[in-house]
Amino acid sequence: MYPVGYLWCIVAEWLHAQKSYITAEMRILGIETSCDDSAVCIIDASGHDVSDFKFRVLGNALSSQAAAHAPYGGVFPNLARSEHQKNLVPLLARVIHESKPENQGPSSIIEVETILAREQELSKQLLEFLKTHEKPDVDTIAVTVGPGLEPALWVGINFAKALAHAWQIPIVPVNHMEGHMIISTMYISGDRNSRYRELRSPDITGQLATFTFPTLALLISGAHTELILSREWMQYEYIGRTRDDAVGEAFDKVARMLSLGYPGGPEISRLALDARKYGLRKSIFLPRPMIREKNYDFSFAGLKTAVLKMVETNAPVTLEFKKQLAREFEDAVTDVLEDKTMRAVETFGIKTLVIGGGVSANRHIRSEFAAACEKTGTVLLIPPPEFATDNALMIALAGYFRARAGQFSVPDKLRANGSLKLGEGEEMPA
Ligand code: KG4
Ligand code: ZN
């Protein structure tokens, strides 16, 4: 008798050689654990090329760890790791239940224990789950392999490996930032203003938005601030990035200085909105770092220090002061992002601006960019706020395109890469 792992390697190699699993229609299970959101999603996607691509969400679930990390004012990697271990199986069960799949036969649980030897909690739950649930109707698993916090990424990767063994299906590694970018290019549910949280998963459908290349992507999240030029689909050229703090990180740190909750972005945005709504007179002025420099790099560390000085000088700060400061901080960030990005749009003859990442949920940033793009006649693609922050739909979507390109990974070769770049680590091109 051959051990199952050995047979699985042969199967994976064979699948790779045959590419028989690249079908026009695929059911993808997306798994996201790069930071402090555990998320799982199943989509049904089809399309021979990007022009006829369409998808339907069959099940989608997310568990935010924000409350667990709040006392630390940021994400604590080992806590993220243990929270992911607790969350993944219940999320998977929920998503499978929601997708009401036709079951496809028993799972093979041999080897799951070995794969999850370092994830005891997850191993216990998954073994129990596999004994009581048949294999769902899923063709491929898409999992985030980077960038992100490596201890957190590994939980998702090992989970994906265990499921791939149990269900004998292949894995596609996904770059988290590509996920953000791809979900921004989707026209979701035909109505960009609907509240997706109120929709049942099967009511969420989508297709690629209409746009032309070259595109410029401004990716703004908790760990990234970068400008990326694409001359064609899934091809990337970095043209600018932050030299220190990411813009989301700056929002989080400023929120902490003002004793606001975590994550800080939505808190700052709420206070800033109040200041705008009630027309509070502007009495605070912050720098716009690097705005005059003729490059496309950013720096937010100095801005954060300027806020800290202001808070110290005016301690104890009143709520009115916090609102003023939140607005000025949001204005300063938006001015710098907009100035640099729109200059790049002009210089590179950009037709389409794509904005993605958690900070793209910010109302002020959204409306300022909408106005700027209208002025220049640039198509603006920005995800609905519900899908701007981390989720597993974006991973399943990017996974579909990577799977169609034949970029599967032999499970044993999958690795977490905390600083993965776009276009790096693409495996097994078709
Ligand atoms: O993409 P994301 O969910 O996770 C990472 O990949 O980092 O982004 C999280 C970041 C956090 O820094 C959070 O404060 C910020 O996005 N964020 C916002 C808003 N919502 C989330 N920043 C500004 N305004 C918001 N409304
Ligand atoms: Zn993200």
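Where is Gln168 found? Good morning. Let me answer that at once: Gln168 is found in the loop between α6 and β5, the strand of residues 171-175. Please keep in mind throughout that the structure before you is a predicted model.

Gln168 deserves a moment of our time. Its phi is near 55 degrees, a positive value in a residue other than glycine. A second residue may be set beside Gln168. Met290 is not a glycine, and yet its phi is positive, at about 65 degrees. Met290 sits in the loop between α9 and α10, the latter being residues 301-313. Is Met290 buried or exposed? Its relative accessibility is 14%, and buried means under 20%, so Met290 counts as buried.

I turn now to the metal site. Which protein residues are the donors of the zinc ion, ligand 2? They are His176 and His180, each through NE2, and Asp390 through OD, lying 2.1 Å from the ion. Along the chain, these donors follow the spacing H-x3-H-x209-D. His176 belongs to helix α7, residues 176-184, while Asp390 belongs to the loop between β12 (379-381) and α13 (393-404), so this pair ties together parts that are 214 residues apart in sequence. Both His176 and Asp390 are buried.

Helix α7 also packs against helix α13. The angle between them is about 95 degrees, and their axes are 8 Å apart. Angles of 65 to 115 degrees count as roughly perpendicular, and α7 and α13 are therefore described in that way. On the α7 side, the contact involves His176, Glu178, Gly179, His180, Ile182 and Ile183. On the α13 side, the residues met include Leu393, Met394, Leu397 and Phe401. By class, the contact of α7 with α13 consists of eight nonpolar, three polar and two charged residues.

How do α3, residues 77-99, and α5, residues 120-132, cross? Their axes come within 7 Å, and the crossing angle is roughly 25 degrees. Angles under 35 degrees count as roughly parallel, and therefore α3 and α5 are roughly parallel to each other. Their crossing is right-handed. Among the residues making the contact are Leu88, Val89, Leu92 and Ile96 of α3, together with Leu122, Leu126 and Phe129 of α5. The contact of α3 with α5 divides into nine nonpolar, three polar and two charged residues.

Let us stay with α5 for one more residue. Leu127 is placed in this helix, and Leu127 is buried, with a relative accessible area of 14%. Leaving aside neighbours within four places in sequence, what does Leu127 contact? The residues are Ile109, Val112 and Glu113. The C-alpha atoms of Leu127 and Val89 are separated by 9.8 Å, and these two residues are 38 apart along the chain.

The bond from Gly146 to Pro147 is cis, with omega near -10 degrees. Pro147 has its place in the loop between β4 (140-146) and α6 (150-167). The bond from Tyr262 to Pro263 is also cis, with omega near -5 degrees. Pro263 is found in the loop between α8 (247-257) and α9 (264-277).

Thank you for your attention.

Terms used. Residues numbered from 1 in each chain as written. Chains lettered and ligands numbered in written order. Predicted model: local features only at pLDDT ≥ 70, side-chain atom pairs only at ≥ 80, totals over all residues. Heavy atoms only, no water. Donors = N, O, S within 2.8 Å, 3.2 Å for Na, K, Ca; no water. Helix = DSSP H or I, 4+ residues; strand = E, 2+ residues; numbered from the N terminus. Buried < 20%, exposed > 50% of the residue type's maximum accessible area, 1.4 Å probe, protein only. Axes fitted to C-alpha atoms, helices over the stretch in contact; angles between N-to-C directions. Parallel < 35°, antiparallel > 145°, perpendicular 65-115°, else oblique. Contact = heavy atoms within 4.5 Å. Nonpolar A, V, L, I, M, F, W, Y, C, P; charged D, E, K, R; others polar. Left-handed = near helix turned anticlockwise from the far one by under 90°.
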